[in-house]
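Subject: Model handover

Hello,

Here is the model for your files. My notes on the sheet and the ligand site follow below it.

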Amino acid sequence: MNEPVTLTISGSIAIINVNNPPVNALSHSVRRGLVECFAKASQDNRIEAIVLYCSGRTYIAGADITEFGKPMKQPSLPQVISIVDSIEKPIITAIHGTALGGGCEVALTCHYRIADKNARLGLPEVHLGLLPGAGGTQRLPRLVGIEKALDLIVSGRKVKLPEALAIKLIDRVFEGDIVKAGIDFANEIISKKLPIRRISTAAVEQPEAAMEYIEQYRRISTKKHRGLEAPMACISAIEATINLPFNEGMRVERKQFLQCMESTQSAAQQHMFFAQRQAANINDLDKATPVRAINKVAIIGAGTMGIGIALNFSNANIPVMLLELNEEILTNGLDSISQYYQTQVAKGRLSEQKAKQLCSLITGTLSYNELNDVDLVIEAVFESMNVKQQVFSQLDQVCKQGCILASNTSTLDIDEIAAATKRPQEVIGLHFFSPAHVMKLLEVVRGDKTANDVLATAMSLASEINKIGVVSGVCDGFIGNRMLKGYGREAGALLLEGAKPEQIDRVMVDFGMAMGPITMSDLAGLDVGYRVRQERRKRGEFVSNYDGAISDRLVEDGRLGQKSLKGYYRYQENSRTPLPDDHVHKLINQIATELGYEQRVISDEEIVKRLIYPLINEGAQILDEAIAQRASDINTVWVFGYGFPVHKGGPMFYADTIGLENILHDLKQLQIKYGDIWQPAPLLQKMALEGKKFCDL
Ligand code: CAA
């Protein structure tokens, strides 16, 4: 195997190259190679300066995350960096692509940094539940000042070139050949006798009253990064630069780093890093499956969902035709698109010209006949099988051969929808999550007859529009909404048994959910579920008290949620803050008494179990039925579609941390008390008995 780090000599300059595809991660062989090459260059008397650069698509993108959790092989990254820091010859590094994490720390240890115009730098460790562990928290404040370092390290954001130049993270931009640029700069340093600039010996630029500043920053961050340990550890390590010399600061960083590395939060975040990438792999689909070109898209329905979906495509520079049979709705829809782009300009996110160009990509039509040249249609009409089948039958008649016909249904059977066409192989589900232009998740529902290239195209399109695609099989609610049912059911049950809306929401927010289930229902509109339940009742289906008893009464009292300023909570005009409502407390009490539920004090711990364990149990069933390909896909759906806390790794990873045998025990207890809605899924039982974990699957 070729060595991933090589040294070549050009006159008095040593050129060290890192070539470790795909992203030049700092694997053991790279760390060892760096030590060897830097040592040789440093000891060679002919050498006056050293240039470090990388091959392939990027600079070093960080530590090798696949090595985390395994026994550490020497040299460690801090050792490599300490060796580089001790070299008495100028070191120049030339950056292209992304210099991230350990890669950025290597760059910070070099004395001069040049970059091409597309380069980005950052210390994103916080997203893995970590802090920069190889001097980043001590060097960056010495280079850019404490305030900027806090901003960059605690947010983990990547810095583009103009900002990198402005804060002196980069000394110069280069164009053209990277090696030549490095050598030219090295020669300039030699001829001008420019000094070695070791950041580790620099003074730290501090804000006035630095300790107070940090304290204030810590207070704000505690709120902003609710429940997360890594941002706090980052702040503590950066704080050490205020009073401590570099080496002592490094010890503080190390201690914080090791603590984070051992935490469940970091394990969960590392799991999610790989989970979201793994989701792109489809087990029985050849990676070389060709994808179809999608140059023009049509969306059926100009409601909130249709508009949100359309924006995904215009934002990715793909023209969209919005079809709506009602002219007024179409005009309103197009107006709201134009308003969205105006807001983007007002917020400084887009230039006036760019906004105009993107907005012009969406056009409206009232006629199906205009869809004859589109490559993909996404239907986002009323959630009714009849309506959807009519739409698909019409699409079948007007769309060209090879056009993909997709439904945004959140629950209905894609195969039944496909049966309304003569081309079921072209039909697929593309389930967007509200707000559709914001939420990262796209559930890609594979029908019985969906062609392989249609599926491959949908997955590739997901990443083109900046979504994370997860494949689901066909079932009621697919992966996400099927699991959501038990969560909603138990929220209703807990209310009837005595928990207050605000207690349930607080417990779930403390658990880390973006929002509690009751606030979520108020936000979505209680009338939505009400209509679904009425339809189900009309069809003679059973609707349990848990699902509807309270919500139905609220809707019938005109309490539709946030939009009517009252639902489970009260709201003030122009405010989304839920205010507890005694009237609702009394109403719940009254309904519970009417239905024979005895109200009691319910512990926070019980609320967590009653809401989260149904997710896990249903998730196990979904895995067993092969609706989801793997447990990590379920986690991806819940983290990116439903706001499940990333630091708990999604419901199936969370189950592993609790222990499947413990969950099985509790499910059995709940089954005794509440009946077979708590029947443990066979796969969960089997795995618990075998001592297995979901996320080893
Ligand atoms: N270690 C190991 N594998 C990595 C990796 C890393 N740091 N970064 C990316 N990969 C792998 C991905 O898993 C993926 O593998 P598969 O093809 O098998 O799925 C492959 O490299 C390509 O990655 P992407 O699909 O993400 O490619 P991209 O071009 O879209 O993005 C990237 C490239 C911007 C570098 C992105 O991969 C990324 O953000 N990587 C993580 C960067 C990071 O967090 N670095 C900090 C690491 S922690 C650290 O360094 C701690 C420390 O100080 C000791």
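This is a predicted model, in which local features need pLDDT of at least 70, side-chain atom pairs count only at pLDDT 80 or more, and totals for chains, interfaces and linings use all residues. Residues are numbered from 1 along each chain as its sequence is written, and side-chain values use heavy atoms, with hydrogens and water left out.

Helix α7 (residues 178-192) lies across β1, β2, β3 (49-54), β4 (91-95), β6 (112-115) and β9, at about 160 degrees to β3. Angles run from 0 to 180 degrees between N-to-C directions, with axes fitted to C-alpha atoms, for helices over the stretch in contact; contact means heavy atoms within 4.5 Å. Helices (H or I, at least four residues) and strands (E, at least two) are DSSP runs, numbered from the N terminus.

These six strands form an open, mixed sheet in the order β1-β2-β3-β4-β6-β9, where pairing requires at least two DSSP bridges. β1 (5-10) and β9 (172-173) are at the edges with a single partner strand each, so one side of each has no neighbour in the sheet. β1 pairs with β2 (residues 13-18) in the antiparallel sense over six bridges.

Now the ligand. 22 residues surround it (a heavy atom within 4 Å), the closest being Arg57, Ala63, Gly102, Glu105 and Arg277. Among the polar contacts (N or O pairs within 3.5 Å), a polar side-chain atom of Arg57 lies 2.7 Å from a ligand oxygen atom, and a polar backbone atom of Ala63 is 2.8 Å from a ligand nitrogen atom. The largest share of the shell, three residues, comes from α11.

Regards

Conventions:
A polar contact is a pair of N or O atoms within 3.5 Å; within protein, one must be able to donate a hydrogen and the other to accept it, and residues adjacent in sequence count only if both atoms are side-chain atoms.
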